[in-house]
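This briefing is a guided look at one model, arranged by topic for a reader who is new to protein structures. Please keep the sequence and the picture in view while reading the points that follow.

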Amino acid sequence: MAELEGIYTIWLREMKRFVRYRSRILTSVVTPLLWLVIFGTGLGSAIRFGNVPGGYQAFIYPGIIGQTILFTSIFSGVSVIIDRQYGFLKEILVAPITRPSIVFGKAIGIGTTAVIQGVILLILSFVVGVQMTPLIFIACTLLMIPISVGLAGVGLLIASFTDSMEGFNLIMSFVVLPMFLLSGALFPVSGLPMLLQSAVYLDPLTYGVDALRQIILGTGVIPLHISITVIMVFAAVMVFLSAYMFSKREQELM
Amino acid sequence: MINNKIPETQLFYYQIVSLEGISMDYIIETHNITKKYDDFTAVDSVNLKVPRNSVYGVLGPNGAGKTTLISMLCTILRPTSGGATVNGYDVVKNAREVRASIGIVFQSRALDDILTGREHLEMHASLYGVPSNIRQERIDEVLNLIALGEKADEYTKTYSGGMKRRLEIGRGLVHHPKVLFLDEPTLGLDPQTRENIWEYITKLNQEEDITVLMTTHYMEEADQLCDEVAIINQGQIIKSDSPINLKRELKADTITVKVDKPELFTEKVKTLDYVQKVFGDDSTIKLMVERGENLVPPLVNFANQNGVMVESIELQHPNLEDVFISYTGTKITEGR
């Protein structure tokens with residue numbers, strides 16, 4: 001019971017921070033819209049993209065949802081480093097609750113904020129002219145949960161190893177951007193050179209984007225049940241791994 | 001001088017300590033607790049006994065190992081060797097029970113600037129498992145104590161340094177801990193706020209069933225607040241006792257006398273066996289004595305008997321700074 005209460009408390013703080021940093025909510029909606037409207041229209045009119053109804057703009061729509069979740073989740077996870085620098089992490093870590101509860105609370109909290117942003121994008125589907133039915137809406141929302149929680153786990157895992165925000169650019173260059181670009185958010189992943197193809201399939205976000213695309217547009221390259229399984233396993237592994245690392249590196253984190 | 005004002009309650013306390021001696025109840029005990037970083041020993045075989053319901057000070061210069069010591073007692077750091085019990089629980093084996101028994105105020109700020117004061121207390125209460133039916137009551141009680149007023153419902157980023165400190169101390173109390181750890185509680189605060197915090201700690205110790213263990217490098221702070229002080233330097237406890245005993249042990253009170261015939265008085269006063277040393281210039285003469293408070297009347301009488309007029313007489317006890325210098329050979333501010 002006490003552990004559940006602890007998880008809830010950590011989750012609640014994430015929610016409060018999310019609601020109070022209004023600029024963050026605004027950017028989290030504006031940035032994907034810029035991608036969809038400018039990049040989508042621009043590249044869409046330069047290339048012939050016949051295999052998806054709605055064209056290139058519609059094709060990247062699930063990819064951009066994936067991108068929003070990716071950036072929000074990883075950076076919120078990594079923001080534990082800021083908590084650490086402000087000393088607030090200490091206050092949480094000296095509380096008599098288990099380390100996994102802290103990580104679960106964090107991951108669920110971050111996951112919730114990322115899903116909220118994804119849902120806002122689902123509501124904005126009319127911008128790119130994609131048909132949105134209640135069923136698609138619910139299916140996508142459910143699918144976004146493990147994607148968000150798993151990526152939050154990645155962020156938390158990185159945070160457990162990193163001392164300061166100086167590593168921020170490294171995380172951007174070596175984790176976030178490769179995950180985004182390799183996920184097939186912006187281009188079809190079939191028919192790529194062998195090496196690139198393998199990298200694409202190693203990226204967990206590929207499965208998330210492909211599953212979203214199948215649900216929203218009905219086209220994809222990976223069977224849906226495989227994608228969903230990979231995402232669930234990925235989420236579970238990442239959360240448990242970061243819970244383990246927080247327990248193990250407790251001393252260094254405080 | 002601050003150290004002339006020893007509250008009666010505190011004096012009474014010393015008597016109890018000296019009477020009961022070994023039967024004292026210690027809430028914190030350490031056994032050769034040691035923390036090493038590679039070849040640097042931050043805390044070196046420290047044995048500390050903190051009596052229940054006391055205000056105990058760990059006094060030392062920056063880098064002496066105060067924070068490392070307190071961090072081990074708070075379960076933040078694991079000792080390299082040796083051990084400690086807090087409220088009867090082992091800090092390594094029963095870390096969780098220790099955490100539930102203590103409140104901590106860190107040296108550096110540990111607040112979330114986008115939460116309100118009240119929310120900090122609510123969050124703390126639920127993390128420490130304060131039952132929900134009494135939670136509100138506890139929070140109101142603490143808010144009342146730390147007197148945040150209407151600021152309680154504003155974001156902490158709008159708080160002054162003193163308010164932030166009070167909130168942190170209050171937060172440490174929400175779950176009614178047995179021990180409150182304060183790591184440099186008044187560091188970086190202005191004198192006015194510092195005095196408020198001191199008053200607050202004293203009041204807390206008198207009104208609640210709580211032991212306060214604090215670190216500080218401010219001599220007056222340790223002197224005014226602490227029932228007992230452990231002087232730490234380079235990771236080792238050099239001496240621990242009540243501030244008054246520590247100072248008394250130096251046997252170095254100074255009596256400053258102003259007289260109309262200084263030469264004559266200097267010559268005469270040297271013959272007194274309770275005067276250890278005499279030095280002075282012109283009309284001001286300084287006498288080094290032991291337990292100076294008892295010697296003022298006899299000195300005045302002595303002067304009168306020798307036909308010397310005493311214009312003024314002043315007694316100065318040594319302060320903890322003098323104690324520190326006598327044990328370490330350096331000023332506390334000059335520590336590593």
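In which sense do strand 5 of chain B and strand 6 of chain B pair, and over how many bridges? In this predicted model, strand 5 of chain B and strand 6 of chain B, the latter covering residues 89-90, pair in the antiparallel sense over two bridges.

**Strands of chain B**

**Chain A as a whole**

- Chain A has 12 helices and zero strands.
- The radius of gyration of chain A is 18 Å, close to the 18 Å that the globule rule gives for 254 residues, so chain A is as compact as a globular protein of that length.
- Along its principal axes, the C-alpha trace of chain A spans about 60 × 40 × 35 Å.
- Of the 254 residues of chain A, 46% count as buried.
- If one takes the contacts in chain A between residues at least 6 apart in sequence, 80% of them join residues at least 24 apart.

**Two crossing helices in chain A**

- Helix 3 of chain A (residues 55-78) and helix 7 of chain A (residues 134-161) have axes that come within 7 Å and cross at roughly 35 degrees, and the crossing is right-handed.
- Helix 3 of chain A brings residues including Ile69(A), Leu70(A) and Phe75(A) to this contact, while helix 7 of chain A brings, among others, Met144(A), Leu151(A) and Ile158(A).
- By class, the residues of this contact between helix 3 and helix 7 of chain A are 13 nonpolar, five polar and no charged.

**Where chain B touches chain A**

- The contact between the chains takes 22 residues from chain B and 19 residues from chain A.
- On the side of chain B that touches chain A, helix 3 (95-101) and helix 4 (117-127) of chain B each supply at least two residues.
- That side of chain B has 13 nonpolar, four polar and five charged residues.

Notes: Residues numbered from 1 in each chain as written. Chains lettered and ligands numbered in written order. Predicted model: local features only at pLDDT ≥ 70, side-chain atom pairs only at ≥ 80, totals over all residues. Axes fitted to C-alpha atoms, helices over the stretch in contact; angles between N-to-C directions. Helix = DSSP H or I, 4+ residues; strand = E, 2+ residues; numbered from the N terminus. Left-handed = near helix turned anticlockwise from the far one by under 90°. Contact = placed C-beta atoms within 7 Å. Nonpolar A, V, L, I, M, F, W, Y, C, P; charged D, E, K, R; others polar. Pairing = 2+ DSSP bridges. Rg over C-alpha atoms; globule rule 2.2 N^0.38 Å. Buried ≥ 20, exposed ≤ 12 C-beta atoms within 10 Å, placed from the backbone.
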